[in-house]
Amino acid sequence: MVKCMRIKLSNRLQAVARQIPAGLRVADVGTDHGYLPVYLVVNDIAPKVIASDRGKRPLDSARQLISLLSLENQIDVRLGDGLSVLQPDEAEVICLAGMGGVAIKEIISAGLPLAQAAKRLVLQPQRNVPAVRRFLVSNGFKIVAEDLAEDDGFYYEIIAVEPGLMELTEQEADFGPLLLRDGHPLFKDFLILKETDLTQLLAAMADNNSKDSLQRKKQLEEEISRIGKLIGSL
């Protein structure tokens, strides 16, 4: 049967899928081509998935894949922005993966009651991850799991949160409270790459001595030092 086709996810999306508890209804917001919803249904992780995106073209690709696998009864495809596509109590788990941290914050802010009513949010910000962590804990979420994934030389941070209270230190916001506490096989390599990237950025700014540049260079030096100390402690 076509329905039994093996769906292989990238390491990044596999890490997202691992944070989704089995048996719950899921909304994959910003689904792109629909690979994650199909994987969740085919592997009996989620009985129902809402696959939404604001882009018509990727959503058309998702519809084609879902139709090919005869999964229309289990995957509901919706065109729209953020959490506006959801009704109360439709999704027990909400995924926001593969978008910038600013976009994730805006989507959650715009639909905060829906997000706070979910049992779990699974997030994979492409950028500004510390700001996402700070936003989450200031809006009634606690971080219950963190993961790292590597794809083609890039490292991705995955954060699972549930309703609750917690506080973050500056270091926990920057590097992840559970990654710091529990470690991860990729954590040291992730930090080394981050240190290398910041060092290269600092070197590229060497000849720029404007007031703003000098302030930014000082910030970079401090961040590089903090990461170096953390690497040395692992």
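S213 lies in helix α10, which spans residues 211-233. The model is predicted.

- S213 has a relative accessible area of 4%. That is under the 20% cut-off, so S213 counts as buried.
- Leaving aside neighbours within four places in sequence, S213 is in contact with M205 and N208.

**α1 against α2**

- Helix α1 covers residues 11-18 and helix α2 covers residues 35-42. They pack at an angle of about 50 degrees, and their axes are 11 Å apart.
- That angle makes α1 oblique to α2.
- The crossing of α1 past α2 is right-handed.
- From α1, the residues in the contact are L13, V16 and A17. They meet L36, Y39 and L40 of α2.
- By class, this contact of α1 with α2 holds six nonpolar residues, with no polar and no charged ones.
- An α-helix has 3.6 residues a turn, so residues three or four places apart point the same way.

**Burial of α2**

- Five residues of α2 are listed as buried: L36, P37, V38, L40 and V41.
- The cover over these buried residues includes helices α1 and α3 (56-68). It also includes strands β1 (26-29), β2 (49-53), β3 (75-79) and β4 (93-99).
- After α2 comes D44, with a positive phi near 60 degrees.

**α4 against α6**

- Helix α4 (residues 101-110) packs on α6 at an angle of about 20 degrees, with the axes 9 Å apart.
- α4 is therefore roughly parallel to α6.
- α4 passes α6 in a right-handed crossing.
- On the α4 side, the contact involves G101, I104, K105, I108 and S109. On the α6 side are A131, V132, F135 and L136.
- By class, the contact of α4 with α6 has six nonpolar, two polar and one charged residues.

**R120 in β5**

- R120 sits in strand β5, residues 120-125.
- Its relative accessibility is 14%, so R120 counts as buried.
- Two polar contacts involve the R120 side chain. One reaches the backbone oxygen of Q19 at 2.9 Å. Another, of 2.9 Å, joins the R120 side chain to that of E162.
- Beyond four places in sequence, R120 is in contact with Q19, P21, E92, V93, I94, V144, A160, V161 and E162.
- G100 is 20 residues from R120 along the chain, and their C-alpha atoms are separated by 19 Å.

**Positive phi in loops**

- Most residues other than glycine have a negative phi.
- S70 has a phi near 55 degrees, a positive value in a residue other than glycine. S70 lies in the loop between α3 and β3. With a relative accessible area of 48%, S70 is partly exposed.
- N128 is not a glycine, yet its phi is positive at about 55 degrees. N128 is found in the loop between β5 and α6, the latter being residues 129-137. Its relative accessible area is 43%, so N128 is partly exposed.

Technical notes:
Residues numbered from 1 in each chain as written. Predicted model: local features only at pLDDT ≥ 70, side-chain atom pairs only at ≥ 80, totals over all residues. Heavy atoms only, no water. Axes fitted to C-alpha atoms, helices over the stretch in contact; angles between N-to-C directions. Helix = DSSP H or I, 4+ residues; strand = E, 2+ residues; numbered from the N terminus. Parallel < 35°, antiparallel > 145°, perpendicular 65-115°, else oblique. Left-handed = near helix turned anticlockwise from the far one by under 90°. Contact = heavy atoms within 4.5 Å. Nonpolar A, V, L, I, M, F, W, Y, C, P; charged D, E, K, R; others polar. Buried < 20%, exposed > 50% of the residue type's maximum accessible area, 1.4 Å probe, protein only. Polar contact = N/O pair within 3.5 Å; in protein donor to acceptor, adjacent residues only side chain to side chain.
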